[in-house]
Amino acid sequence: MTNCGALGWVSDRRGYRYQPRHPATGEPWPEIPPLARRAWRELGAYPHAAEACLVNFYTPQARMGLHQDRDEEDFEAPVVSLSLGASCIFRCGGTTRGGPTLSLELGSGDALLLGGRARLAYHGVARVIQGSSALLNGNRINLTLRRVTKPSR
Ligand SMILES: O=C(O)CCC(=O)C(=O)O
Ligand SMILES: [Mn+2]
């Protein structure tokens, strides 16, 4: 729904891409909040900064289909995902579409890392759990932190 960080994930008629400015305002995205940067540093164990922090907003009815995060250049970098507000049922499978998945509940404050062999795992949000949190009026926010470009080593 929106982004912070050096690069934001946008979609329009031309497709999907990362870009440094908000498509409507032309402004740079706001900085990634310090607590989210700290989660990236401490959980990600990756020696370069996160460049993108996608902010997904889920109404109680919203879902996200199974997909891989593979529009980044460096799969050595993990994806760090932070959940806020309503809990959800998160599904995670292997690296091929259609394989078995496991379901886990993500609550407010939970962090999930897709890294190593799981970096390209298929994943998605099966549903938001109603009545699970007093925060955000039954809605859920997810922050997804990613390294987009390959660092020059
Ligand atoms: O909302 C979530 O927990 C997952 C979000 C996600 O997979 C994505 O934005 O690529
Ligand atoms: Mn994803």
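**Exercise 1. State the volume of the largest cavity and the residues that line it.**

Solution. A cavity is a set of points on a 1 Å grid over the protein atoms alone where a 1.4 Å probe fits but cannot get out, and lining residues have an atom within 4 Å of a point. Grid points are joined across faces, edges and corners, and a volume is the space filled by probe spheres set on the points. The lining consists of L66, G93, G94, T96, R97, G98, G99, P100, T101 and Y122. By class it holds 3 nonpolar, 6 polar and 1 charged residues, where Ala, Val, Leu, Ile, Met, Phe, Trp, Tyr, Cys and Pro count as nonpolar, Asp, Glu, Lys and Arg as charged, and the others, Gly among them, as polar.

This is a predicted model, in which local features need pLDDT of at least 70, side-chain atom pairs count only at pLDDT 80 or more, and totals for chains, interfaces and linings use all residues. Residues are numbered from 1 along each chain as its sequence is written, chains are lettered from A and ligands numbered from 1 in the order in which they are written, and side-chain values use heavy atoms, with hydrogens and water left out.

**Exercise 2. Identify the donors of the manganese ion (ligand 2) and their spacing.**

Solution. Donors are N, O and S atoms within 2.8 Å of the metal (3.2 Å for Na, K and Ca). H67 (NE2), D69 (OD) and H123 (NE2) coordinate the manganese ion (ligand 2) at 2.1 to 2.2 Å. Along the chain, these donors follow the spacing H-x1-D-x53-H.

Definitions and conventions:
1 Å grid on protein atoms, 1.4 Å probe; cavity = no way out; pocket = protein on both sides within 12 Å on 5 of 7 lines; lining within 4 Å.
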